[in-house]
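This report describes one protein chain for a reader who is new to structural analysis. Please keep the sequence and the three-dimensional view at hand while reading.

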Amino acid sequence: MHWSILLAIAICSEVFGTTMLKLSQGFSKPLPSVGFVIGFGLAFYMLSLALKSIPLGMAYAIWSGVGLVLTAMVGVVVFGEKVDFWGMASIGLILAGVIMMNTLSKMGGH
């Protein structure tokens with residue numbers, strides 16, 4: 001499988017796991033707690049497969065940047081968390097950094 005697909009699955013699994021962590025209420029709810037373990041287990045497995053093809057720095061930049069954006073979106077949409085200009089601007093800068101790293105940098109070697 002191509003590294004981008006593996007990394008996309010890893011990111012989505014991590015966002016799922018993080019959402020389940022919030023829903024577990026400190027691991028006091030069994031089903032979301034199991035969802036957390038499954039989500040992060042799959043996330044780290046897929047990340048390990050992606051790391052066979054791309055450098056660690058590139059993988060982690062994509063993982064953390066895209067994961068942050070998606071997790072923030074889940075927070076707003078699912079949990080009703082507040083959004084303000086500076087938060088959106090900060091997230092936008094992180095996303096811009098991930099895009100620039102993938103399109104302009106030679107770090108990834110792809």
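Phe 36 and Phe 40 are both buried. The model is a predicted one. The two residues stand 4 positions apart in helix H2, which covers residues 30-50, and about one helical turn therefore separates Phe 36 from Phe 40.

A search for aromatic pairs across the whole structure returns 5 of them. In the pair of Phe 36 and Phe 40, the ring centres are 5.0 Å apart and the planes meet at 50°. Planes under 30 degrees apart would count as stacked and those over 60 as edge-to-face, so the pair formed by Phe 36 and Phe 40 is classed as tilted.

## Other aromatic residues

Phe 85 and Trp 86 make an edge-to-face pair, with 4.8 Å from centre to centre and 75° between the planes. Phe 85 and Trp 86 are both exposed, whereas Phe 36 and Phe 40 are both buried.

Which residues make up the aromatic cluster? Phe 27, Phe 36, Phe 40, Phe 44 and Trp 63 together form one such cluster. One of its members, Phe 27, is located in the loop between H1 and H2. The relative accessibility of Phe 27 is 48%, and Phe 27 is therefore counted as partly exposed.

## The chain as a whole

The secondary structure consists of 4 helices and 0 strands. Read from the N terminus, the order of elements is α-α-α-α. The C-alpha trace extends over about 45 × 35 × 15 Å along its principal axes.

The chain has 110 residues, and 32% of them count as buried. Its accessible surface amounts to about 6,900 Å², and carbon and sulfur atoms contribute 75% of that area.

## A buried charged residue

Glu 14 belongs to helix H1, which covers residues 3-23. Is Glu 14 buried or exposed? Glu 14 is buried, and it has no salt bridge. The nearest side chain of opposite charge is that of Lys 22, at a distance of 15 Å. A salt bridge requires a side-chain nitrogen of Lys or Arg within 4 Å of a carboxyl oxygen of Asp or Glu.

Leaving aside residues up to four places away in sequence, Glu 14 touches Gly 39, Phe 40, Ala 43, Trp 63, Gly 67 and Thr 71.

## The loop between H1 and H2

Gln 25 is placed in the loop between H1 and H2, and Phe 27 lies in that loop as well. Gln 25 is not a glycine, yet its phi is positive, near 50°. Phe 27 likewise is not a glycine and has a positive phi of about 60°.

Gln 25 has a relative accessibility of 51% and therefore counts as exposed. Phe 27, at 48%, counts as partly exposed. The cut-off for the exposed class is over 50% relative accessible area.

## Helix H3 and a nonpolar patch

Val 76, Val 77, Val 78, Val 83 and Met 88 make a nonpolar surface patch of about 470 Å². Helix H3, covering residues 56-79, gives the most to this patch, with 3 residues. Val 76 is situated in helix H3, and its relative accessibility of 35% is why it counts as partly exposed.

Gly 75 is also placed in helix H3. At 3% relative accessibility, Gly 75 counts as buried. When residues up to four places away in sequence are not counted, Gly 75 touches Gly 80 and Glu 81. Gly 75 and Lys 22 are 53 residues apart in sequence, and their C-alpha atoms are 9.6 Å apart in space.

Ile 38 is located in helix H2. With a relative accessibility of 54%, Ile 38 counts as exposed. Ile 38 and Met 20 are separated by 18 residues in sequence and by 9.7 Å in space, C-alpha to C-alpha.

Conventions. Residues are numbered from 1 along each chain as its sequence is written. This is a predicted model: local features need pLDDT of at least 70, side-chain atom pairs count only at pLDDT 80 or more; totals for chains, interfaces and linings use all residues. Side-chain values use heavy atoms; hydrogens and water are left out. Patches are made of residues with over 30% relative accessible area and no salt bridge: like charges are joined within 9 Å, nonpolar side chains (Val, Leu, Ile, Met, Phe, Trp, Tyr) within 5 Å. Accessible areas come from the Shrake-Rupley method with a 1.4 Å probe; for residues, only the protein chains shown count as cover. Buried means under 20% relative accessible area, exposed over 50%, partly exposed in between (1.4 Å probe, protein chains only). Lys and Arg count as positive and Asp and Glu as negative; His and the chain ends are not counted. Contact means heavy atoms within 4.5 Å. Rings of Phe, Tyr and Trp (its six-membered ring) pair if their centres lie within 6.5 Å; planes under 30 degrees apart count as stacked, over 60 as edge-to-face and the rest as tilted.
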